[in-house]
Amino acid sequence: MNTPLHFDSLTDAVDFLYQRLPGPLHVGAPLGLGKPHRLLNALYERAEGDSTRPLHLYTALSLDPPGAGKGLEGRFIGPFAQRHFGDDFPRLRYVQALKRNTLPAHVEIEEFYLQSGALLNASATQRRYASLNYTHVARALADRGVNAIVQKVAADPNGGTRLSLSCNTDLTFDAIDAIVARGLPRPVLIAEVDPQLPWLDGSAAVEADFFDAVVTPPGPYPKLFGLPRQPVSDADYAIGFYASTLVRDGGTLQIGIGTLADALCHALALRHTDNAAYLRVIATLGVGAQADAAPLGQTASNDVDLIGDRNANAPVAPLGPFSVGLFGCSEMINEGFRRLVEVGVIKRKVVDDLEVMRRVYDGDANTQDLARLEREGEFLQGGFYLGSPDFYQWLRHLPEDQRRGISMRRISEVNELYGGNETLERLQRRDARFFNSCMMATALGAAVSDTLDDGRVVSGVGGQYNFVAMAHALPNARSVLMLRASRESGGEVRSNVVWNYAQTTIPRHLRDIYITEYGIADLRGKTDEDCIRAMAAVADSRFIAGLLLTAMDSGKLPQFVPRTTTHNHPDRLREILAPFRRDGTLPDYPLGSDFDEVEQRLIKALGWLKANTATQGAKVKTVLRALLASASQDHEALQRMGLDQPSGLGERIEAKLVSLGLRESAGR
């Protein structure tokens, strides 16, 4: 390879790209954190003013900080976003154009995964969305003739010449290989060095001449995009604790992102560090000693109320602390994995040596094998990482032994078994549990994870299908899809367990395990009738009868009269978990918080207000209550909202509403 050109000017780097590539620019950029925001903004600015050189950008997860907005939400988000992201965070200009529907005709942005819900009304995004499995993206980039790749990288902290792809090894190597294998020229590669990006070695590090050009823009350097950690609800905790009972010591763990994953990781950490407290929570949720011995393969209960046998057929593991520990193998490394590494849950090591792993699997490992595992073994493999500022700080300051145990890999190695050595990966990924979330699930076992019924894309398929398929291919592996049983929209409560849906992400023939806050539904290998019963048993009580009657009308269940029950209801869940909320077993922010104590109180208050102003009637009632109520004594919260000295009628009403929300949400 040639010695790369070095620039300290973004404009010079863009000029270089235009000079190297005649005609249209087909540029690939990593998803999430590895996207070089400043370089892309310079490229977009150049392309926007030059219609003779069309720009086609292929990427995913174009992260955009929240806007301040108006009203109470704006008063809260504005100061937080300023502190958390910084005033100088380089918002992606093409994202702003997409949101305004003002993208120039000669610029095309194609994403295979979207920031959840952020681009529902961006017509160009919805038209040009590509529905792809994560592992098929490299092939698609070759199909589109990508001729350049731009990527954010980390510089060697020891002063070496190498660069680290750090947060995004997922697609770069696979894409280059796919493009070259197609007989196309190797794409022009430009790296943007970001001193804020943590250095990760091993398979993430490359020689500088891997790139054609390296640009190191002058400081100051904006903060890395940090995902604000959100409070974990009662429903999230119930789902996370149910999920934790399926994880076997010595197994393999994959998790997604969000509060459901946070709850699962907290449950696993508690199971290991305070097993007695953990067992009290799961006993309260109805998973007791009798469930530990529940055999696999039983059908759902035939009791027509469906509740008495809840969770009895779930493949629950022995629920003691982790002795062997887990091996983490997940497309995304995040905050939850950090906690599990810190407390000693993620610690089972693997090496890329078939014979060694075979002996380990068979229990015949010799002293040399064990020494090699300890010396070279990896306990956590991922394709990309994304998290909070605290998470990035943890990565920057990892002890050397932990740093060696974390490996950033190609997505073809992480998300499927067919990336080169299937036999080895089967031995490494024993007793795998693949945890992902979905928006809705049908009674017959299909999952709705990424698209609304009108075809608009909320997020994308990503790697979910990959992990579901892998769970069916690996021995003793399970796919677990987690969802909240109901949601509130426009003041109306709706079920997330539905009879059918226009768009599905996971087909019903790959159904496996679903978990809601009301229990575990094991669907693998079950008949349609048994699937319906199992899914109804974990649905919200208010919708069970309607679901069963629809199934009867469709000839999928025999005729019977469903019993009315209030067992699966948010009020009951709140009641049984309240003691654990009070004693700190179930904290609001189990993995830490990016909000200060005052903001945490305000989040609860604003959440209460949102729930109680969802309809016009509820809004009028809440405003009247607020006007008649006394002022809040929480002066810190009112000051944080800029409402401690309200002026004008509008601000006085807002101050009254915040006061009411603070009072009603206190202690929850």
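**Reading packing, pairing and backbone**

Q: How many bridges join strand E10 (residues 252-254) to strand E14 (residues 432-437)?
A: Strands of a sheet pair through backbone hydrogen bonds, either parallel or antiparallel. Here E10 and E14 run parallel and are joined by 3 bridges; within E14, Arg433 is the bridge partner of Leu253. Pairing requires at least two DSSP bridges between two strands, and elements are DSSP runs numbered from the N terminus (helices H or I, at least four residues; strands E, at least two). This is a predicted model, where local features need pLDDT of at least 70, side-chain atom pairs count only at pLDDT 80 or more, and totals for chains, interfaces and linings use all residues. Residues are numbered from 1 along each chain as its sequence is written, and side-chain values use heavy atoms, with hydrogens and water left out.

Q: What is the order of strands in the open sheet?
A: The 8 strands follow the order E13-E12-E11-E10-E14-E17-E21-E22, with mixed pairing. At the edges are strand E13 (406-408) and strand E22 (519-522), each pairing on one side only. From one strand to the next, the twist averages 20 degrees. Helix H8 (residues 234-244) lies across E14, strand E17 (478-482), strand E21 (513-516) and E22, at about 145 degrees to E21.

Q: At what angle do the axes of H3 and H23 cross?
A: Two packed helices are described by the angle between their axes and the distance between the axes. Helix H3 (residues 71-85) and helix H23 (residues 597-611) have axes that come within 11 Å and cross at roughly 150 degrees (axes are lines fitted to C-alpha atoms, for helices over the stretch in contact; angles run from 0 to 180 degrees between N-to-C directions). H3 and H23 are therefore roughly antiparallel (over 145 degrees; under 35 is roughly parallel, 65 to 115 roughly perpendicular, the rest oblique). Leu72, Phe76, Phe80 and Arg83 of H3 meet Glu599, Leu602, Ile603, Leu606 and Leu609 of H23 in the contact (heavy atoms within 4.5 Å).
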